[in-house]
Amino acid sequence: MKIVVGEGSCGIAAGAAKVYSAFEKLTEKYDGIDLGFTGCNGMCFLEPIVDIYDDNGDLTRLVKVSENDCEAIIKAVSENSLEDLEALKISKEDEEFLNKQTRIALRHCGLINPEDIDEYLACDGYKAVEKVLKTMTAQQVIEEIKVSGLAGRGGAGFPTWFKWNAARNSEGSEKYLICNADEGDPGAFMDRAVIESDPHSLIEGMLIGAYAIGAGEMVVYVRAEYPLAVKRLEKAIKQAEERGFLGENILSSGFSCKMRIKAGAGAFVCGEETALIESLEGNRGMPRLKPPFPAQEGYWHKPSNINNVETYANVAWIILNGGEKFAQMGTENSKGTKVFALTGKIKRGGLVEIPMGMTLREVIFDIGGGIRDSKKFKAVQMGGPSGGCIPESLLDTVIDYKALAQTGAIMGSGGMVVMDESTCMVGMAKFFLDFTTKESCGKCVHCRLGTKRMYEMLTRIVEGNGRPGDIELLEELCYSVKDGALCGLGQTAPNPVLTTLKYFRDEYEAHINNKKCPAGECSALIKYVIDSSKCVGCTKCAKNCPVNAISGKVKQPHAIDADKCIKCGKCRGNCNFSAVEVR
Amino acid sequence: MINITIDGKKLTVEENTTILEAASENGIKIPNLCYDGRVETYGACGLCVVEAEGSAKLLRACSTKCSESMVINTKSDRVIRARKTALELLISDHDGDCKAPCSLECPANTDCQGYVGLIANGEYKQAVRLIKERIAFPSSIGRICPHPCEKKCRRKYVDEPVSIAALKGFVGDMDLASDDRYIPPVEPDTGKRVAVIGGGPGGLTAAFFLRRMGHGVTVFDMMEKMGGMLRYGIPEYRLPKSILDREIKQIEDLGVNFKNNVKIGRDISLDELKKDYDAVVVALGAWNSSKMRIAGEDCEGVIGGIDFLREVALGNRPEIGGRVAICGGGNTAMDACRTAVRLGAKEVRVLYRRTRDEMPAEDIEIKEAMEEGVDFCFLSSPCEIISENGKLKSVKIQKYELGEPDESGRRRPKAVDGSVEEVEFDTVIMAIGQYPELEGFEGLEISAKNTILADSGSFRTSADGVFAVGDVSNRGASIAIEAIGEAQKASVVIDRYLNGEDVKYKKPFYVERTLPDGYFDKFEKAVRAEMPVLPADERKNSFKEVALGISEETAVNEAMRCLECGCHDYYECKLIEYANEYDVKPQKFSGEKHFRNNEDKSSLIIRNADKCILCGLCVRVCEEREGVTALGLIGRGFDTIVNPELSLPLDLSSCTFCGACVDVCPTGALKEKQPIKKQLAVEEESRKSVCELCDKLCPIDIRYIGDTVTRIKPGDKNTLLCKKGKFDLTDKLNGAQK
């Protein structure tokens, strides 16, 4: 019997480390029970997750386990009475979360121990590298990737083979292969999960890429805010070196390649490939002009290829299973699968990998379980601050680079933030603009000042100071910034504004013309009122009001003093009778 | 070689040429702020964008290489819009004053800061030259101008405004007395002829500038001598006619024809002038005194203010008797009452409807009138003139009190019921206003104010080729400098008209700033130079000039008090040039603006972050050329700033003071500290030379003004200097001259 604790960052945040150490103490007393850990299987909403494998390899999955449950679990395991753990077992409904997915990039996540190369090797790890080095030419590798239709998973969706080919064909003996693991979108954690849960698949994918372009050095640019990912990747690199998968003359093929990690300091713009290169070189993270593209002049002005984590994580699978098989999945324009980080007002938030071509509705409702707290779906933000929102009416859009772009949103790197009816869309746009404004590197005028001015306009609109003409001015500025900004950060920064303007223009108009926030979220434009016909005088709201703005006698309707009220919404949250209304 | 098309022009350029290079090699201007051929391209400003056929995106001309058969449009609407937006965004966070408030306030936009700075450095002739770019008579105007400039002088927030007018008078006098007088250059004759009607400040100014542009100019004036109101409206004790004569002579010396004693409508008609000349400027002035419209005012003994002053100016001594009343509170009233004193009147009384606070006259005039014994009766105004046998006997004076403020903000006087007294006077002088005499100009469209209607931008009247400026036009009588300002602007418009162009004067856009409380705390106080004057007793009995003039030492010290509000880089700032070229709407994207207020003048290089547009040229040139990182970008996004390394003062950084950063800076964020007493913000002259401080013999561009070398710039677009050429040589050159 084996107990495996899910220890991705998400699990650890939910208490998995405590659970693990509780098991550690207990297993000392029990023979025949192995304890292990794994990465994240994507069901972040159920963490901490404990998987119990019996001697036949059959799995019993326990969820939301606390350290206090551990003794009972050990007991049940040792007594082979797993039926006692019914209360902790994953529900049939939640199992749907995994059942509807197709996992390639995440194929080992939550299954193997990310810190043990042998577990990776046990599931055909490094077989693809072996195949490539022993049986394929670089051109054949690129051809296979071309057949697969794999496109960059970082957001832009540029064909991977093309970049590899360009880098391969660039003159120069010194070339670099770089992995962009500077995942900065708010609400996105696909790359983190892959590195934390399956670092060798990244190393293997990169090695294949390095062989294809002829690079002798690989660098993973990973944000320092991902300490666990850095730690596990460091371990993985060391193990791969020890086993001869990295370094000189790999698998006696004559191909040599080394690998190192560069921890980024957390600037969002360093996810832009040329800014990333600048940062790698020790400079301030600011984008370079393109052309020349990195494939021509990249790291140290040598030909370089940059892909993100998820892109590389698909490569070994493609080599082993064939590009054809990968290309069988998906749509005409978009092949294979895509990983999404499903967050927001959704029931089952976590990491999902689905074949391209699935509809947004399927992802959000069938996998994600729909909206929490029986509220209504309003929109989903795709692609974080660079993306856009997609309204209910377009939920049947299929996941496909082109189809998503037509809505005004983008595929993005995989952030999928779900919003319900209580989300103000102007406020949402402002949130993302706040982010891009702060993350602008300050180099180009349109981004540095354009996003700032857009943010200021949005601020005055949500604060009730919007002026007639603001919508038009905002729109004009958005298009100017898209046209004039130097890099992707600035060029895409207006997307949240443009898509909300496209689908929720009436909300902007309500803020400006009627000084109302239809979603009831903008504190400057709302007031909390107690409906005296519903209030029973339980006093709960009054007791919890941080500024003593609510008065009333026991068992008599209460009232809110609007002058004192700071619109924190606590009264509304606390009322069991839905008597507090937002007007 | 590859073939491309830019704006319809077919060009053959070398491979690997950028669009920007190709364009500039072929004389096609593409704006840019972050590009400099001496530094690697950067692509930050977004100004050089162009459209290329087949490309959905705008291309940055600085970094996009030309490719075969490329068709480029540098002027499409989309391109212009993008550039305009970039400029509007930049302007929204660019803080400074392109021009000083004094200069902006001056109706003639005289470069006050410029000439004050030149005076501080002893460059008097250059100061006169600069003044004469706007004012033909510095000595005269320096004496009589109510100097709106000083009202806006920010020095007042420290202590008191700079005595700008006195400095102008000082330097004007100095020039008049000099053997080496400044003579403005005159362009070669154009063959065009302009008639100017009226030889007052407006007419003479138009003549002065049009003549300098090479046009043949004839000034017609009905009086015996030129000068208009400067001669016939301003008393001798304020403006000695000998000074005015000499300044007018200088205008005549430029080749302007003067025709006196010619009155339009009497001696010659406007139509004749229109026929004989290519353009006509009407600058008649306003020579009629306004009436009070009270009973009895048409009797003998009641005289108009300017009529009275003119009589005196003509050398007559009108009989005014011992008791004189002057009605009005403006400068003409002051001139009249003080002239009356000088004519021997024993009892001179000013009647004014409001109080001293509301008097439009200059404070100094009121003060000096009081010193000379003039009696001021406030809240008083005549309501009836009593005469005997057609001759003035007495005046009924109504008392007033102040009511609610009117639209001008001044409190409106209200008659106090029943409070009327009758006082006997020998003469009553009505100095309450003046209006033009339009006889002979019936063919032109006339305004409701009985002035000639002229377009405010083109100065055109209803007749083609006839322009009008000054008191005779539009709003009517005002101060001399207003007429001068209009005439100077009109001269530019008329010059273009004579070339067949139809343009209007348009106020250029300037960045202006509002300064917060406390900004002026850092300045040390320094007493304003007061104009020494004759003692009241002495001046009462003569028309000797009251103001005695200031000494050179006083003038220089006074000039040193200037706070140098206007940007020292105005004449080379690419941002303001483009902002005007692209007609930006500066308020369009207004929002939070940085006000760091940390100008660092501590070393050879003056840094002002509030003017920085983050083009990055300084940072790049520092690293690429000198191999040091004395300057770097700090912070992110909107708050990014260029600072010396580790935020040290530049002197303590690794800066080599090669000055390259200054030479590539497109705005006034980085400037050389000029090795002179007071930093100058004027357009310098330029002389190409070679730096001989080492055997590299770098080409240099020596910038100087008068005898002062202000700075040295690289002699061409490929050169950057080192500290020796950039800074040491300036000192050497200035030293050599002394």
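1. A residue is taken as buried if 20 or more other C-beta atoms lie within 10 Å of its own, as exposed if 12 or fewer do, and as partly exposed in between. The model is predicted. B:N109 has 19 C-beta neighbours inside 10 Å and therefore counts as partly exposed. Its phi is near 50°, a positive value in a residue other than glycine. B:N109 is placed in the loop that runs between α3 (101–105) and α4 (112–120) of chain B.

2. Because 17 other C-beta atoms lie within 10 Å, B:E564 is classed as partly exposed.

3. One runs from A:E47 to A:P48, with omega near -10°; A:P48 sits in the loop between β2 (34–38) and β3 (50–53) of chain A. Another joins A:K290 and A:P291, where omega is about -5°. A:P291 is located in the loop between α12 (273–280) and β8 of chain A.

4. How do the axes of helices α7 and α8 of chain A cross? The axes of α7 (residues 138–148) and α8 (residues 160–169) come within 8 Å and cross at roughly 160°. The pair is therefore roughly antiparallel, since angles over 145 degrees are counted in that way. The crossing of α7(A) past α8(A) is left-handed.

5. The contact between these helices involves A:A138, A:I142, A:I145 and A:K146 on the α7(A) side, and A:T160, A:W161, A:W164, A:N165 and A:R168 on the α8(A) side. By class, five of the residues in this contact are nonpolar, two polar and two charged.

6. Is α8(A) largely enclosed or open? Seven of its ten residues are buried, so α8(A) is largely enclosed by the rest of the structure. The buried residues are A:T160, A:W161, A:K163, A:W164, A:N165, A:A167 and A:R168. They pack against α7, α10 (199–213), β8 (304–308) and α13 (309–321) of chain A.

7. The largest nonpolar core holds 400 residues, of which B:I119, B:V281, B:V282 and B:I326 touch the most other members. Helix α16 (residues 480–498) of chain B supplies the largest share of this core, ten residues. Apart from this core lies another, of 13 residues, including A:C541, A:A549, A:I550 and A:V580.

8. Which residues does B:V281 touch? Leaving aside residues up to four places away in sequence, its contacts are B:V194, B:V196, B:I197, B:G203, B:A206, B:F467, B:V469, B:A490 and B:I494. In soluble globular proteins, nonpolar side chains tend to be buried together.

9. The contact between the chains draws 22 residues from chain A and 25 residues from chain B. On the side of chain A that touches chain B, the elements giving two or more residues are α17 (425–439), α18 (445–462) and α19 (470–484) of chain A. The largest share of that side, eight residues, comes from α18(A). Its composition by class is six nonpolar, seven polar and nine charged residues.

How values were computed: Residues numbered from 1 in each chain as written. Chains lettered and ligands numbered in written order. Predicted model: local features only at pLDDT ≥ 70, side-chain atom pairs only at ≥ 80, totals over all residues. Axes fitted to C-alpha atoms, helices over the stretch in contact; angles between N-to-C directions. Helix = DSSP H or I, 4+ residues; strand = E, 2+ residues; numbered from the N terminus. Parallel < 35°, antiparallel > 145°, perpendicular 65-115°, else oblique. Left-handed = near helix turned anticlockwise from the far one by under 90°. Contact = placed C-beta atoms within 7 Å. Nonpolar A, V, L, I, M, F, W, Y, C, P; charged D, E, K, R; others polar. Core = buried A, V, L, I, M, F, W, Y, C linked by C-beta atoms within 7 Å.
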